[in-house]
Amino acid sequence: MKRIVILISGRGSNMEALLKAKLPCEVAAVISNKADAAGLEIAKQHGVATAVISHKDFANREAFDAALAKEIDRFKPDFVVLAGFMRILTADFVNHYAGRLINIHPSLLPAYTGVDTHERALKDGVKIHGCTIHFVTADLDHGPIIIQAAVPVRQDDTAATLSARVLHEEHRVFPQAVRWLCNGNVRLNAHGRVETDRLEQRGTTLISPGLD
Ligand code: GRF
């Protein structure tokens, strides 16, 4: 069975969705860069090993990433899953896990890379927003996309209501992406493109606000 290590920085609701999803892999550990991340408790309740590597203990990004990689590799994971891990990673770290590192981002990439995605989507007045699971490359929030979910942006949305609608979909598509990965149904090829097999293209058009 494949092994994964999940990295978090906070609440850990996406990590929890993965732990509850009965995935075809063993969650070998949950590692946080923050000792007070609420997700660590949730991981412990699920009987998963936890560790904290605080970025504040290191002089620079390179030293932190090296220590983080060392801790991750103790658990010998096949894949490393970023689930709300709020640190920018060095190219060395990313390359070390090439094709084995995925991230969840709360926007329809390549729109709204970085932070405050919901606030920026509302400010721009887009009518469709969503989330993305992608392979991580050195180009922040630009890695090859595995799956996306789109939601309507409603007239009366606040960042909180929009975020909740997107998060609901995050909890659905993230376990799906990890399942595909662990079953070998999706991979990054030598040209840096996502290859999938046996995946049906289903679903309907999302028109927002909708036709009369
Ligand atoms: C999620 O919206 C995720 O997409 C983003 O940070 C948030 C983390 O939430 N990268 P949680 O810790 O998984 O609850």
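**Helix H1 and its surroundings**

Author: Let's start with H1 and H6, which pack at an angle of about 50° with their axes 9 Å apart (axes are lines fitted to C-alpha atoms, for helices over the stretch in contact, and angles run from 0 to 180 degrees between N-to-C directions). That angle makes H1 oblique to H6 (under 35 degrees is roughly parallel, over 145 roughly antiparallel, 65 to 115 roughly perpendicular, and the rest oblique). On the H1 side, the contact is made by Ser 13, Asn 14, Ala 17 and Leu 18, while H6 brings Leu 167, Glu 170, His 171, Phe 174, Pro 175 and Val 178 (contact means heavy atoms within 4.5 Å). Sorted by type, the residues where H1 meets H6 come out as 6 nonpolar, 3 polar and 1 charged (Ala, Val, Leu, Ile, Met, Phe, Trp, Tyr, Cys and Pro are nonpolar, Asp, Glu, Lys and Arg charged, the others, Gly among them, polar).

Some ground rules: this is a predicted model, with local features needing pLDDT of at least 70 and side-chain atom pairs pLDDT 80 or more, while totals for chains, interfaces and linings use all residues. Residues are numbered from 1 along each chain as its sequence is written, and side-chain values use heavy atoms, leaving out hydrogens and water. As for the labels, helices (H or I, at least four residues) and strands (E, at least two) are DSSP runs numbered from the N terminus.

Back to H1: it is largely enclosed by the rest of the structure, because 6 of its 8 residues are buried (under 20% relative accessible area; over 50% is exposed, in between partly exposed, with a 1.4 Å probe and protein chains only). The buried ones are Ser 13, Asn 14, Met 15, Ala 17, Leu 18 and Leu 19. Besides H6 (159–183), they pack against strand E1 (2–8), E2, helix H2 (38–45), strand E4 (79–82) and E5.

Just after H1 comes Lys 22, with a positive phi of about 50°, although it is not a glycine. Most residues other than glycine have a negative phi, and most peptide bonds are trans. Lys 22 belongs to the loop between H1 (13–20) and strand E2 (25–32), and at 75% relative accessibility it counts as exposed.

Asp 141 also has a positive phi, about 60°. You'll find Asp 141 in the loop between strands E6 (128–135) and E7 (145–152), but it is buried, at 10% relative accessible area.

Now for the peptide bonds. The one from Leu 109 to Pro 110 is cis, with omega near 10°, and Pro 110 sits in the loop between strand E5 (101–105) and helix H5 (117–124). Ser 208 and Pro 209 are also joined by a cis bond, with omega about 10°; Pro 209 is in the segment after strand E9 (194–196).

And the cysteines? The count is 0 disulfides, a disulfide being a pair of cysteine sulfur atoms within 2.5 Å. Cys 131 has its nearest cysteine sulfur, that of Cys 182, 19 Å away, and Cys 131 is buried at 0% relative accessible area. The sulfur of Cys 182 is 3.8 Å from the closest one, in Cys 25, too far for a bond. Cys 182 is buried too, at 7%.
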